[in-house]
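Student: I have a structure to go through with you. Could we start from the metal site and then turn to a sheet?

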Amino acid sequence: MKKNRYLKPFVALILFVLIISCNSNHKATTNDTGMKILPVNKELFIQDNLLEDITEKTIDLNGDPTLCYIIKTKSQPSEHSMGPWCPEHIEDGKEKAGLWFNDGKVYDVDGHFIAELAEFYKDEKWKLFREDGSIKVTKTQEECEGAAKPDVDEEYYNYCVECMPEYYQDQITTYTIPVFPKYNNATQRLGRNGIGLAFNGVNFDPPAPTHAILAAHTIAPIDDHGGHVNPHGGYHYHAATGSTKEVEQTDSHSPMIGYAIDGFGIYAFLDTNSQEPKYLDECGGHSDDIRGYHYHAGEPGGNQILKCLRGVPGHMKVN
Ligand SMILES: [Zn+2]
Ligand SMILES: [Zn+2]
């Protein structure tokens, strides 16, 4: 009987430890170089935007079995509406259209901007509008798919290109992200396997291929929230404009806006005093004692949310 008296609290303790360790919130660790590494906090994702609960799975990444989170979403925001992108008429104001970037700056794609493209790019071949002032805009899924690709169909040269989210609303985006990001001295170039996501589950995309787009005298504006739609991934962001869920920090550091595909956190560009982040590496990341290694999203005009990846990347798949 005496034995039993000690056994009960012991069993309770074991159960307690089990419950704690099964809890999704993994603990921070330190890597060999003394750098703090924060695990992905899956609670930060907007639960209503997920198609199912986030699960854990051990996946082979770069030859190593790696514990990953599997996140399934529709890649559609809940914090803001999508669009507008292209204006319809050269007299339309900026409220009827989105943004375009050039040389590090963002521009409102209002009717006036469209009318002045030949001058803007110093190229007479630009003419996206008809004699009556209406603007040539892709109007159907077929038109968007003919125009929203690197080798633009000739009939869509000189078009403002937009695809509607409805065309791809049945797509499912699955992100596989290491729970514990692994810092590498060598950096990884951004590929088509995804670079990260906002807390609403929308994909952060590599830079828009502006050279290919402009070569066909087309533009594919992003909306005021930094996103537009393409046939391969539905709605996605090329710029972080502060429209999505942000996680405020306890110090003056900029808020967190999502996770990179390698599991490191992504934070906004400016801190609460409107100061730019300091000592960023070539990927746009740095490390501090609170957040460990993390990225800062580039400025919206840069067409580059991340410049490269520091960690071993997971991947993104669209079905
Ligand atoms: Zn895009
Ligand atoms: Zn920072």
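**Metal site and sheet**

Tutor: His286 counts as buried because its relative accessibility is 16%, under the 20% cut-off. Please bear in mind that this is a predicted model.

Student: And His296, what is its relative accessibility?

Tutor: His296 has 4% relative accessibility, so this residue also counts as buried.

Student: Which protein donors does the zinc ion (ligand 2) have?

Tutor: The donors are the NE2 atoms of His253, His286, His294 and His296, which lie 2.0 to 2.1 Å from the zinc ion (ligand 2). Their spacing in sequence is H-x32-H-x7-H-x1-H.

Student: Where do His286 and His296 lie?

Tutor: His286 is in strand β15 (residues 285–288) and His296 is in strand β16 (residues 292–296), so the pair ties together parts that are ten residues apart in sequence.

Student: Why is the arrangement around the zinc ion (ligand 2) irregular?

Tutor: The four donor atoms subtend angles of 94 to 161 degrees, and the arrangement is therefore irregular. A tetrahedral assignment would need all angles between 85 and 135 degrees. For reference, the ideal angle for four tetrahedral donors is 109.5 degrees.

Student: Now the sheet. In what order do the four strands come?

Tutor: The order is β3-β4-β7-β18, in an open sheet with antiparallel pairing. Strands β3 (55–61) and β18 (315–318) are at the edges, each pairing on one side only. From one strand to the next, the twist averages 30 degrees.

Student: How many bridges link β7 and β18?

Tutor: Strand β7 (residues 173–178) pairs with β18 over four bridges, in the antiparallel sense. Thr174 has Lys317 in β18 as its bridge partner.

Definitions and conventions
Residues numbered from 1 in each chain as written. Chains lettered and ligands numbered in written order. Predicted model: local features only at pLDDT ≥ 70, side-chain atom pairs only at ≥ 80, totals over all residues. Heavy atoms only, no water. Pairing = 2+ DSSP bridges. Helix = DSSP H or I, 4+ residues; strand = E, 2+ residues; numbered from the N terminus. Axes fitted to C-alpha atoms, helices over the stretch in contact; angles between N-to-C directions. Donors = N, O, S within 2.8 Å, 3.2 Å for Na, K, Ca; no water. Tetrahedral: all angles 85-135°; square planar, octahedral: opposite > 155°, others 65-115°. Buried < 20%, exposed > 50% of the residue type's maximum accessible area, 1.4 Å probe, protein only.
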